[in-house]
Amino acid sequence: MPVDDQRLERALRDAAPPVEGADAFERVAAKRARRRTVRAARLSGIAALGAVVVVASVVLVTRDEDRTRVDSAPVAGTPGVAPVSLAGEAGYLRGPLTVSGDLVSVAAYEQPAADGGFDFPPSRIVRFDPETLAVIDRVDLKAEILSVADGADGVRWAITRNKDPEGPVLAGTFLKRIAADGTVTSTDLPPGTVIGGPVTVTPTSVLVPTGTDALAFDLDGHRRPGDGQLATLTFGSSPRGFVRDPMRAVQVHGPRMLVEGTYRGVRGAVLAEDGRVVDTISLPGRDVAFAWVDDDTVLATTDGRLVRIDVRP
Amino acid sequence: VDDDPIRTFVDGEYHQVVATVALVCGSVATAEDAVQEALARAWERLDRGEPIDRLAAWVTTVSLNLARSTMRRWRCERRARDKLGALRPVAPDGPAAGGEAYAVREALAALPRRQREVTALRYYLGLDVREIAAELGVAEGTVKAMLFRARQALAAALGDDDDTVQEDV
């Protein structure tokens, strides 16, 4: 029997997945509200930038000599890299630096003056608009933030680790579920858990890689039975293992992707879709992390600061 | 702006448009996210006083574009992961289909993306060739050619050993 329209229509109807959509309107309303918030933040950021430009112009005009532009000075020895500042955020910034819709998230800590490094508690995940650098929201936490990932419905997931996580009884690592309204729910990971990679969210599960295996959780943060057998993760071939050698693809933008890590000595590399390295980025300093924010721009952290990098091919 | 057009869409065409996008991208969650994002954008346009003549068509086009971007990102991320080590594939979401429906899903997934789109729009959403051409921004002849090739591929999935397929598309 040749394929006719009616048979194809029937086959497609049978093959179509069922759609529930019980709270679809509320989800659309939430997305609309979030887009409004981002737009308002951008507008206020542009207004604030305008005000800064006016004030700066007045200052420069009234001063005859000794004009300096701290924020546009390149990081030493790295052309195309310029320090930038988040409005109202003075902490020590470091990865995970992740793109979340139109926004970028970064981990922020206290910065003791003693050694120039960072300390916790407290810690926080700061979400900001990469265009205006206006802070949109903060999630207050206590421990070191190892990774952050987006889930559905505005939910975000993070893995955190206490300073001394090796205790045999007490949990030292945690899976954090961050609801769209910022409410944090914490799940203890089993004592002694060694985190092997960034938290990964699938449509039905949240996976916490542990080096050669993964702990699995449902979308409410509850452990799934039989976890540890759902996925086998093998990262690279370094005998030193993933934990100490965290080469990973951090961002994909159009046909290009960005890789960070220390494997083979690469700090940052822009790869074409065919895997060809088209650019490399080498930043001085500690706690280097990258996030792609538009076609030609990468944001990065280094030594607790945020920098903008021009990666035009 | 009152939310009547959005509520009406959600109560009416929403499920059909989500299923159409899910047939194209293979994930109900991605399809729902894309359609909801498209609706949020439509709502903003209406807020600004910019009318949308055919909301269902507009949302379908925008959500297909959004799902396409998501799929492109997935492909790049998968390639990046593959370079770093093997990851056992995760089963697609949504309940498993059996028999012919499963075969149709598999055959759809194997089609080039544009052929998947025209097939879902034609045989699931019920649009005609002219409407599909308008939604996807391609020539009617292109739509016909893609439908013809897609039908050939789907014929095998439907257990049709006869190579002859009707060309009245």
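How many Å² does the accessible surface of chain A come to, and what share of it belongs to carbon and sulfur atoms? The accessible surface of chain A is about 15800 Å², with 54% belonging to carbon and sulfur atoms; areas here come from the Shrake-Rupley method with a 1.4 Å probe, and for residues only the protein chains shown count as cover.

Before the close-ups, a word on conventions. This is a predicted model, in which local features need pLDDT of at least 70 and side-chain atom pairs count only at pLDDT 80 or more, while totals for chains, interfaces and linings use all residues. Residues are numbered from 1 along each chain as its sequence is written, chains are lettered from A and ligands numbered from 1 in the order in which they are written, and side-chain values use heavy atoms, with hydrogens and water left out.

**View 1. Chain A at a glance.** Chain A holds three helices and 19 strands; helices (H or I, at least four residues) and strands (E, at least two) are DSSP runs, numbered from the N terminus. Of its 313 residues, 44% are buried, where buried means under 20% relative accessible area, exposed over 50% and partly exposed in between (1.4 Å probe, protein chains only). Among the contacts in chain A with a separation of 6 or more, 39% join residues 24 or more positions apart; a contact means heavy atoms within 4.5 Å.

**View 2. An aromatic pair that crosses between chains.** Over all chains there are five aromatic pairs. Rings of Phe, Tyr and Trp (its six-membered ring) pair if their centres lie within 6.5 Å, and planes under 30 degrees apart count as stacked, over 60 as edge-to-face and the rest as tilted. One tilted pair joins A:Phe25 and B:Trp43, at 5.5 Å centre to centre and 40° between the planes. It runs from helix α2 of chain A to helix α3 (residues 28–47) of chain B. A:Phe25 is buried, at 9% relative accessible area, and B:Trp43 is buried too, at 4%.

**View 3. Arginines over the rings.** A charge sits over a ring if NZ of Lys or CZ of Arg is within 6 Å of the ring centre and within 35 degrees of the ring normal. A:Arg32 lies over the face of B:Trp43, 4.1 Å from the ring centre, and the charged end of B:Arg7 sits over the ring of A:Phe25, 3.8 Å from its centre. A:Arg32 belongs to helix α2 (residues 24–62) of chain A and counts as buried because its relative accessibility is 13%. Leaving aside residues up to four places away in sequence, A:Arg32 touches B:Ala40, B:Trp43, B:Glu44 and B:Asp47.

**View 4. A hairpin in chain A.** Strands β2(A) and β3(A) form a hairpin with two residues between them, and A:Gly101 in the turn has a positive phi of about 65°. Six bridges join β2(A) to the antiparallel β3 (residues 103–110); two strands pair if DSSP finds at least two bridges between them. A:Val99 stands opposite A:Val104. In β2 (residues 92–100), eight of the nine residues are buried.

**View 5. Where to read with care.** Chain A averages a pLDDT of 70, and 61% of the residues score at least 70; pLDDT is the predictor's confidence in each residue, from 0 to 100. Residues 227–247 of chain A stay under 50, with 53 contacts beyond four places in sequence in the model. Where pLDDT is low, the predicted coordinates should not be read in detail.
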